[in-house]
Amino acid sequence: MTDHALRLLRQDRRLAELAAFPFDFDLDRAADGHVEEVRLASGGPLESVAGDDTGGTYFVCADGSVLYASSEGAAGIIGSSVDETLELVIGLPGWRDYTRLSPGDGEEKILACVAETEDEIRESYGIDNERAELRAALGFPKRSPVELVGRLRAALLRTEPDFVLLNADEGCAYHRIGPAGPPLWEPVLVAGRADLARLREGDRMAWREVAEDPVRRRITLRAAQFDRAESDLELLRHLLRHEARSSMTDELRLAAALVGLRGDTGDLPLLLEVRETDFDTACGLGDMPEPGASADELQQWARALDESMFGTDPSDEPVSTWTDLARDQGMTDLARVTLIRELDNIFMARADSAAPRRPTP
């Protein structure tokens, strides 16, 4: 990552003017600042280095990455350095139209999109000679639109969690430019899925290590919730016994439900033992079938608990499930960003519900 090209623009007025028009990377607009006060959710520094004619701003972050913020409340990383960003805006002057494209769309579609946008630009002003002149002066190679689109997508995917932009006064997050990242439950479950696989392989060291670690145990139980196998009964019993050490947790209910779903009445003494661990577990599992219940009664209880609190779709889980597990694994930034966006959604929903309604004719 370098700022070699940026230094050249600052030293050569002709090059700076070419960057500003027709490529809309205007160094002079940096002095004006953004349309509103903003800050990164992570608390990292921001330096405005350029702007565009729509009121958007190019910020340099602590690691050199360039964050573009529009005047309409959207933001995203578009380059790992100012030089990479300049290559992008010169090579793809219509880059804002390509933020949903990816190399997976194929060369034909990407080239068609770029050609359509650039033909529209050429109807108003030239870009080809200007692009060649800037590339030569700044030492940029000629890169294909497909490669530049790939770079843009990779940069945009790095926006969260480290580069989420907030309105400094209200604390609301800017919308994300380009593709959405994976849902929080995906990175949260990675370690649990790995541990579940080790348990299924019969790794006895893993059986001990996972059972004795409260965080790993909880995440592994969540992985088992969404990847259910008939052969898991013994490992579920093992995790259930150890989860009782944490008293009444959602994962204890989950483990009890997963065991009970098998309908093995031989598990009733174990379930009763877990229920009687302490006052909280006795209350939390108070409706559990008593010893002597039938297999059908055990399964009906477990099924009702599963359907009311758990299920097999991670996207149905409350956001707090994933933010808590993310925090417990040290994924603090991911948890913070998810909570910020969740609060923004609540705020917007309340604002919509409070808005005056037009009377029905």
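A pocket, on a 1 Å grid over the protein atoms alone, is an open set of points where a 1.4 Å probe fits, with protein on both sides within 12 Å along at least five of seven lines; its lining residues have an atom within 4 Å of a point. What we have here is a predicted model, in which local features need pLDDT of at least 70 and side-chain atom pairs count only at pLDDT 80 or more, while totals for chains, interfaces and linings use all residues. Residues are numbered from 1 along each chain as its sequence is written, and side-chain values use heavy atoms, with hydrogens and water left out.

I will start with the pockets. The largest pocket holds about 730 Å³ of space, where a volume is the space filled by probe spheres set on the grid points, and those points are joined across faces, edges and corners. Its lining has 28 residues, and the ones nearest the centre are Glu160, Ala173, Tyr174, Val337 and Arg341. Two elements give two or more residues to this lining: strand E7 (175–176) and helix H16 (332–354). These labels are DSSP runs numbered from the N terminus, with helices (H or I) of at least four residues and strands (E) of at least two. H16 gives the largest share of the lining, nine residues.

How do the lining residues of the largest pocket divide into nonpolar, polar and charged? There are 15 nonpolar, six polar and seven charged. Here Ala, Val, Leu, Ile, Met, Phe, Trp, Tyr, Cys and Pro count as nonpolar, Asp, Glu, Lys and Arg as charged, and the others, Gly among them, as polar.

The bond runs from glutamate 160 to proline 161, with omega near 10 degrees. Proline 161 sits in the loop between helix H6 (145–156) and strand E6 (165–167).

Now the second largest pocket, with a volume of about 270 Å³. It is lined by 14 residues, and Pro22, Asp24, Pro93, Arg96 and Tyr125 are the closest to its centre. The lining divides into eight nonpolar, two polar and four charged residues.

Most residues other than glycine have a negative phi, and most peptide bonds are trans. The bond from phenylalanine 21 to proline 22 is cis, with omega near 20 degrees. Aspartate 24 is not a glycine, but has a positive phi of about 60 degrees. Proline 22 lies in the loop between helix H2 (13–20) and strand E1 (38–40), and aspartate 24 is found in the loop between H2 and E1 as well.

Two packed helices are described by the angle between their axes and the distance between the axes. Axes are lines fitted to C-alpha atoms, for helices over the stretch in contact, and angles run from 0 to 180 degrees between N-to-C directions. Angles under 35 degrees count as roughly parallel, over 145 as roughly antiparallel, 65 to 115 as roughly perpendicular and the rest as oblique.

The axes of helix H8 (residues 204–212) and H9 come within 5 Å and cross at roughly 105 degrees. H8 and H9 are therefore roughly perpendicular to each other. In this contact, which means heavy atoms within 4.5 Å, Glu209, Val210, Ala211 and Glu212 of H8 meet Pro214, Arg216, Arg217 and Thr220 of H9. By class, that is three nonpolar, one polar and four charged residues.

With helix H10 (residues 233–243), the axis of H9 (residues 214–226) comes within 11 Å, crossing at roughly 140 degrees. H9 is therefore oblique to H10. On the H9 side the contact is made by Arg217, Arg218, Thr220, Leu221 and Ala224, and on the H10 side by Leu236, Leu239, His242 and Glu243. Those residues are four nonpolar, two polar and three charged.

Val215, Arg218, Ile219, Arg222 and Phe226 of H9 make the contact with Thr321, Trp322, Leu325 and Asp328 of H15. This contact has five nonpolar, one polar and three charged residues.
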